[in-house]
Amino acid sequence: MEVMSLKSFIGGIHPKDQKQYTKDLPIIKIKASDEVVFPLKQHIGAPCQPIVKIKDNVKVGQIIATSDQFVSSPIISSVSGVVKKIEERMDVSGKMQESIVIANDGLYQKVENNNNKQELTYEEKIERIKAAGIVGLGGAGFPTHVKLSVKDSNQVQYYIVNGAECEPYLTSDYRLMLEKTDELIAGIHVLLEMFPKALCYIAIEDNKKEAIHLLKEKCKYEKRIAVKELKTKYPQGGERMLVKVLTGKTLNSKMLPLDVGCIVDNVETLIGIHNAVIKGKPLMERVVTVSGDAVKKPGNFMAPFGINHRELVEAAGGLKAEPQKLISGGPMMGFAMVTMDAPVTKTSSSILLFKEDVVAKSLETACINCGRCVEICPSRIIPSRLADFSKRKDEASFVAWNGLECVECGSCSYVCPAKRQLKQAIGSMRKTALANRKKK
């Protein structure tokens, strides 16, 4: 298929990508320590409930918590051992939530895999994806079986693989595209069999030349798969941006990609789909980028769920200096961590450690009406005004001025010369307004 010329969206910013620290380093697989912790909510939707009890023996690949709600995803043990406790533990956001604590016996005894059948129906593939605990691994954590459950499989015109990875520092998807190329393409084929009318676009920013070249070579005889090289610009990997750039279709806050015939999934999610459907292997680990100027040896690590973030930092050589700032996820859309002593979960894409908390030291001043936030906003709204509405708790004006269309990318805060925390203010009001809209 013909590869498109470089395209992008209106607005956006060009922060230094800071990927040089980890992009050329192979993924390192690490093992769990003596104790692993599994919070019961690791996805968008209903939290899980334990189906094991204290002193129960568990095996690798065993479901230990699940829910009878459709929008949920089971939690699967990454180790064998004994259930030590079921109690509240701190998660990466600093909140206490019920968790299953397992004492790792180091034997890694596996649940017997009976998923040998390869000729599967659409419904059987969905069931395997659900049972494997697959969620969106780009950070959102939406249960994948829900996204793929459509009334008519022919309505999916485009299946978009998000390999843009536009956040600074993060390189886990880039390394996976290089190291797990065949598994990625096999996962795509699973989806194309499920959606017979769909074309697949693998979207990659043009700063990832090696991945682009490799995937183009691997897909050169594919009639339904095309590599789409996109301009390097943040937030190019946003769902709305990808859909607009690749298909010309426009999404708003009341719509899902499926409303315009699209499904968007992250690179690592596709590899998880391959493992679940073809190998019968559930989601028990993910690649986590460890980077920042406070860590000795930044890298990408294949980390089993339930291990402590501090173990990841130790695998990266430990600390150069005591960090003032910890971030889970990317620096633009991630969130501050209060401690490294929190477990890795399905949505743990990275831990970034910085010697200085630059944002905390920035003095916020009055808006100077420069218009920079408007110029770069990919949603074409007015962040400075929306932030004012938020501070005044004026929800009606916030909604009337299209505040719900914000994608919370943080570009406005990044360019603001007054150092206003625009994203945080808008995000707070947006959360309230969305909750009220659901009530109505």
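Reader: Which strand order does the open sheet of four strands have?

Author: Two strands pair if DSSP finds at least two bridges between them, with strands being DSSP runs (E, at least two residues) and helices too (H or I, at least four), numbered from the N terminus. Here the order is β2-β8-β7-β4, with antiparallel pairing. At the edges sit β2 (35-39) and β4 (57-58), each pairing on one side only. By the way, this is a predicted model, where local features need pLDDT of at least 70, side-chain atom pairs count only at pLDDT 80 or more, and totals for chains, interfaces and linings use all residues. Residues are numbered from 1 along each chain as its sequence is written, and side-chain values use heavy atoms, leaving out hydrogens and water.

Reader: How many bridges join β2 to β8?

Author: Five, and β8 spans residues 96-104. V37 stands opposite V101 in β8.

Reader: Let's move to D206. Is it buried or exposed?

Author: Buried means under 20% relative accessible area, exposed over 50%, partly exposed in between (1.4 Å probe, protein chains only). D206 is buried, in the loop between β10 (199-205) and α5 (209-218).

Reader: Which side chain of opposite charge is nearest to D206?

Author: Lys and Arg count as positive, Asp and Glu as negative; His and chain ends aren't counted. A salt bridge needs a side-chain nitrogen of Lys or Arg within 4 Å of a carboxyl oxygen of Asp or Glu. For D206 the nearest is K209, 4.4 Å away, and D206 has no salt bridge.
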